[in-house]
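Subject: Structure for your review

Dear colleague,

Please find the structure below, followed by a summary of what was found in it.

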Amino acid sequence: MSRNFDRRDFLRITGATAALAAAGCATMGGTKARVVVIGGGYGGATAAKYIRLWDPSIEVVMVERANIFTSCPISNLVLGGSKTMEDIRHSYDGLRRHGVQVVTDEVTAVDAAKKMVKLERGGDLKYDRLIVSPGIDFMFNEIAGYEDGMKSGRVLHAWKAGAQTIALQKQLAAMRDGGVFVLSVPLAPYRCPPGPYERASQVANYLKKNNRRAKVLILDANPDVTSKGPLFKKAWAELYPGMIEFRGNSKAIGVDAKTGTVKLEVEDVRGDVLNVVPPQRAGDIAMKAGLVTANNRWCGVDWRTTESTAVKGVHVLGDATLSAPGMPKSGSMANQQAKVCASAVVAMINGREPNPDPRIVNTCYSFVSDTEVIHVASVHELDAGKKTFVPIKGAGGVSSARNELEGKYGWAWAQNIWQDALG
Ligand SMILES: Cc1cc2nc3c(=O)[nH]c(=O)nc-3n(C[C@H](O)[C@H](O)[C@H](O)COP(=O)(O)OP(=O)(O)OC[C@H]3O[C@@H](n4cnc5c(N)ncnc54)[C@H](O)[C@@H]3O)c2cc1C
């Protein structure tokens, strides 16, 4: 250390030490380096675990605001009624067993010059390398009246699994006989391209059993279904005839909670349940840390290492990144990116070259009923010249038809990825 140690430094370090002590953790002394991870979702949890697996002499501190992991994948099945919130919640104890120091707190700022993050409750944390996987936050101001509508409880997105998933399930169950469930989809790119259409299927699945005359109205800002379109449309026509109406080019520009109205550019549409998913961008902390480089929304990275193109020593993962061509914003992808990142971080800390040729795979299963599933898969390789991933032609594809075997694969995928990221 080149400068003097003052009272402020003492308070910072004791604050951070208190946070680590509360998490049952060691401090930095005696370890090779400290990696701090912001966010314990699909990207952050996987990166934290794999760094410890691949080099246990690196100290890993993961800061996550929630004390439990709640999965967006499978959360649509909670609306459909075949799974519960308990099914999608998992503890962070598995990570602790790998020696990851899990701190339940909010990171409020990143000081990249001092290599330090600020915690809301527990002082500051120094790092040698920082991994930021904060997921998304919403651009509420793109839809007039959204925040008031959400505060009143009348307008929900349920696009981060948790309290809103429970609230939306309650509204669905309480919907009047023959009511209309409006699902508004933002323009791509957004978190989980097939997610809205799986949700429409699951809501119809619930209504078919409990409110047969009710309808699901999809108001999609995109011209057509953005993922697995023919497979979803066939499932809707055959499993839920007359129950799901799809309207493309129907971008929500406002909501009126009092009248139950979604305002489109050309008309107003009324509904009984308003499930309006707003446009999205990288999580707030990525914005505050100066990591956002594209359209004021997403974080550019060098895909060989996932290191930010804006801030050295900081890696970004998952939904917050500016997606490479053909790369969806998915839990599957965040988990794979996290392994590229973990491998690069371990190499860089140990003075080795990161893997020059990483390949990663994405698979998204969508449940169109309790048991039947359709999938989309893709494989991506690094184009070293362009410093980005590109899809490998001919690898991947979609299901030939919905089927129950893939229903078993879909549930197994979820259990495997939870075990891989958290177990
Ligand atoms: C309805 C729905 C269904 C989906 N289904 C699938 C599917 O079937 N398959 C699939 O692969 N993907 C699916 N997804 C997409 C998947 O959920 C996301 O792509 C994935 O969660 C992205 O991982 P992430 O690490 O970027 O973000 P997240 O998993 O959201 O993790 C971010 C974490 O960071 C924490 N955080 C943020 N800021 C801070 C801060 N400042 N301090 C502390 N903590 C912070 C948050 O609390 C959160 O836990 C679905 C999404 C939705 C909404």
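Phenylalanine 232 and tryptophan 236 are separated by about one helical turn, because they stand 4 residues apart in helix α9. Helices (H or I, at least four residues) and strands (E, at least two) are DSSP runs numbered from the N terminus. An α-helix has 3.6 residues a turn, so residues three or four places apart point the same way. The rings of phenylalanine 232 and tryptophan 236 form a tilted aromatic pair, with 5.9 Å centre to centre and 35° between the planes. Rings of Phe, Tyr and Trp (its six-membered ring) pair if their centres lie within 6.5 Å; planes under 30 degrees apart count as stacked, over 60 as edge-to-face and the rest as tilted.

This is a predicted model, in which local features need pLDDT of at least 70 and side-chain atom pairs count only at pLDDT 80 or more, while totals for chains, interfaces and linings use all residues. Residues are numbered from 1 along each chain as its sequence is written, and side-chain values use heavy atoms, with hydrogens and water left out.

Aromatic pairs and helix α9

A search of the whole structure finds 9 aromatic pairs. In another of these pairs, tyrosine 197 and phenylalanine 232 are tilted, at 5.8 Å centre to centre and 55° between the planes. This pair links distant parts of the chain: tyrosine 197 belongs to helix α8 (residues 195-210) and phenylalanine 232 to helix α9 (residues 229-239), 35 residues apart. Tyrosine 197 and phenylalanine 232 are buried, and tryptophan 236 is buried too; buried means under 20% relative accessible area, exposed over 50%, and partly exposed in between (1.4 Å probe, protein chains only). The buried residues of α9 are Gly229, Leu231, Phe232, Ala235, Trp236 and Leu239. They pack against α8, β13 (215-220), β14 (244-247), β25, β26 (373-383) and β28 (397-398). Elsewhere, ring pairs join Phe138, Phe140 and Tyr146 into a cluster.

The ligand

The ligand is surrounded by 34 residues, of which Gly43, Glu64, Arg191, Asp319 and Ser332 are the closest; a residue counts here if one of its heavy atoms lies within 4 Å of the ligand. By class, this shell has 14 nonpolar, 12 polar and 8 charged residues. In that scheme Ala, Val, Leu, Ile, Met, Phe, Trp, Tyr, Cys and Pro are nonpolar, Asp, Glu, Lys and Arg are charged, and the others, Gly among them, are polar.

A polar side-chain atom of glutamate 64 lies 2.6 Å from a ligand oxygen atom. A polar side-chain atom of glutamate 106 is 3.4 Å from a nitrogen atom of the ligand, and a polar backbone atom of valine 107 is 3.0 Å from a nitrogen atom of the ligand. Taken alone, the ligand exposes 990 Å², and the protein buries 93% of that; the areas come from the Shrake-Rupley method with a 1.4 Å probe. The elements giving two or more residues to the shell are α2, β2, α3 (75-80), α11 (331-349) and β25 (359-367). The most comes from α11, with 3 residues.

Individual residues

Aspartate 55 lies in the loop between α2 (42-54) and β2 (58-64), and it counts as buried because its relative accessibility is 7%. The side chain of aspartate 55 makes a polar contact with that of asparagine 350 at 3.0 Å. A polar contact is a pair of N or O atoms within 3.5 Å; within protein, one must be able to donate a hydrogen and the other to accept it, and residues adjacent in sequence count only if both atoms are side-chain atoms. Not counting residues up to four places away in sequence, aspartate 55 touches Lys32, Val346 and Asn350, where contact means heavy atoms within 4.5 Å.

Valine 182 sits in strand β12 (residues 180-185) and is buried, with a relative accessible area of 0%. Its C-alpha atom is 6.0 Å from that of valine 273, 91 residues away along the chain.

Proline 325, in the loop between β24 (314-316) and α11, is partly exposed at 47% relative accessible area. Beyond four places in sequence, proline 325 touches His380, Thr388, Phe389 and Pro391.

Yours sincerely
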